Amino acid sequence: MNSLHIKNGRVIDPANNADEIRDLVILNGKIAAAGTSAPAKLETIDATGKVVSPGLIDLHVHLREPGRSDKETIETGTRCAARGGFTSVVCMPNTTPAADNTGTIAFIKQRAAEVGCVNVFPAGAITKELKGEELASIGSLKKAGVVAITDDGHCVQNNELMRRAVEYAKMFDLPVMDHCQDYNLAGDGVAHEGYWSVTLGLRGWPAVAEDVIVARNILLAELADWYIHCQHVSSARSVELIREAKKRGVKITAEACPHHFTLTDERLKDYDTNYKMNPPLRSERDRVAVIEGLADDTIDCIASDHAPHCNYEKEVEFDLAPFGIIGLETELALSLDLVHKNILSLPQLIKKFTANPASLLRLAKGTLAAGADADITIIDTNLEWVYDVQQSASKSRNSPFHGWNLRGKAIMTIVGGKIVWRES
Ligand SMILES: [Zn+2]
């Protein structure tokens, strides 16, 4: 049961500094020690010419359950993750009710155990109902099993409250993740403040609204000597601030999303709401700075910010549409583009999807060490394919990448030794 023999793949395991052609044997859902000979009866997978990676982790997804199962459910969202090569996802707490209490966390964990085809690690809220007014019961959330706290979708504006959140989180050994948005500076902006927002007559969401909160988080992380993770970093100045803070040893980490390093605000010219996200698509200068941040490891992780919305919600005027796009199925290919362009090495990219998020969240995942859970992604880095959003496993269709020619794909996703997705 849950045993496999993966033959002749390029095994890349950044947690153990390994990159070699070898067999990988899985016995009873766990990785066997290198060199273990496989029992003859095992199912054999020929991985010649393919990459065998620790199962990819996406630390920023919205599964929408409970409350908005018309957009996504734990079942459909995790199927989508499996197709994208992800064996673990961290789901955001902006559900209905919010994941600011142990009951909601217990519900998510139970549903994930019943119908989830990949591991689901819930994030809890920083504040009650994500309102930014009163701290959630962080200790109880930790006991209920959250791996981090965040008000994602919202941002705690009160700096004193945020300071206390970070101090409490430290007591409970939980990283704090933050959606960096100053409400007054961002106002009711819908597009990056710059040439295109002015040209198109869209209200601007200036980069400085992100930078101010990134700077605040650096100062609070330094003060509390504790981890704050800046979610979906999109601006050049934010990258610069984080780079400088890391040099000083501040416990600040960051993630970037494929849409922010692939697209710019120029795409808004058709007012297509599938280009509306928060933070918004920014300028070419910002896009390049995010890529530089990934290249020099200022940015630790890549995340999708998978944010499903119903068609009827997105098919409205640009100003009225909700922010966000689905991303789990296109994330790996869009990221591999940086490898094809020799900006990142393949092990470096895989580290941002495995060892880095695992270490940030203290998950016993993201490694192919002997005895670890057999969560594995087999990747064909050169497979050329076209993304057809109508075939998505998500309940939603809000992707700007429909019809794109992509290169590189997860061809098999294995969770605990069980194949949960294979390219047919
Ligand atoms: Zn967010």
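**Cavity, pocket, zinc site and cores**

α9 (258-262) and α12 (331-340) each supply at least two residues of the lining of the largest cavity. Helices (H or I, at least four residues) and strands (E, at least two) are DSSP runs, numbered from the N terminus. This is a predicted model: local features need pLDDT of at least 70, side-chain atom pairs count only at pLDDT 80 or more, and totals for chains, interfaces and linings use all residues. Residues are numbered from 1 along each chain as its sequence is written, and side-chain values use heavy atoms, with hydrogens and water left out.

**Cavity and pocket**

- On a 1 Å grid over the protein atoms alone, a cavity is a set of points where a 1.4 Å probe fits but cannot get out, and a pocket is an open set with protein on both sides within 12 Å along at least five of seven lines; lining residues have an atom within 4 Å of a point.
- Grid points are joined across faces, edges and corners, and a volume is the space filled by probe spheres set on the points.
- One cavity of 30 Å³ or more is present, and the largest cavity holds about 40 Å³ of space.
- The lining of the largest cavity includes Pro 258, His 259, Glu 331 and Phe 401.
- By class, that lining has five nonpolar, four polar and one charged residues.
- The classes are nonpolar (Ala, Val, Leu, Ile, Met, Phe, Trp, Tyr, Cys and Pro), charged (Asp, Glu, Lys and Arg) and polar (the others, Gly among them).
- The largest pocket has a volume of about 420 Å³.
- Of its 20 lining residues, the closest to the centre are Arg 64, Asn 94, Gly 153, His 309 and Phe 323.
- The lining of the largest pocket divides into four nonpolar, eleven polar and five charged residues.

**Zinc site**

- Asp 152 (OD), His 179 (ND1) and His 232 (NE2) coordinate the zinc ion at 2.0 to 2.3 Å.
- Asp 152 lies in the loop between α3 (138-144) and α4 (159-171) and His 179 in the loop between β9 (176-178) and α5 (183-186), so the pair ties together parts that are 27 residues apart in sequence.
- Donors are N, O and S atoms within 2.8 Å of the metal (3.2 Å for Na, K and Ca); water is not among the atoms, so sites may look incomplete.
- Along the chain, the donors follow the spacing D-x26-H-x52-H.
- Asp 152 is buried at 2% relative accessibility, and His 179 is buried with a relative accessible area of 2%.
- Buried means under 20% relative accessible area, exposed over 50%, partly exposed in between (1.4 Å probe, protein chains only).

**Nonpolar cores**

- The largest nonpolar core has 75 residues; Val 89, Val 120, Ile 126, Cys 230, Ile 252, Phe 261 and Leu 294 touch the most other members.
- Helix α7 (residues 208-224) gives the largest share of this core, six residues.
- Apart from it lies another core of 20 residues, including Trp 196 and Tyr 387.
- A nonpolar core is a set of buried Ala, Val, Leu, Ile, Met, Phe, Trp, Tyr and Cys residues joined through side-chain atoms within 4.5 Å.

**Backbone**

- Most residues other than glycine have a negative phi, and most peptide bonds are trans.
- Cis peptide bonds join Thr 96 to Pro 97, with omega about -5°, and Asn 278 to Pro 279, with omega about -5°.
- Glu 129 has a positive phi near 55° and is exposed at 52% relative accessibility.
- Asp 305 has a positive phi of about 50° and is buried, with a relative accessible area of 9%.
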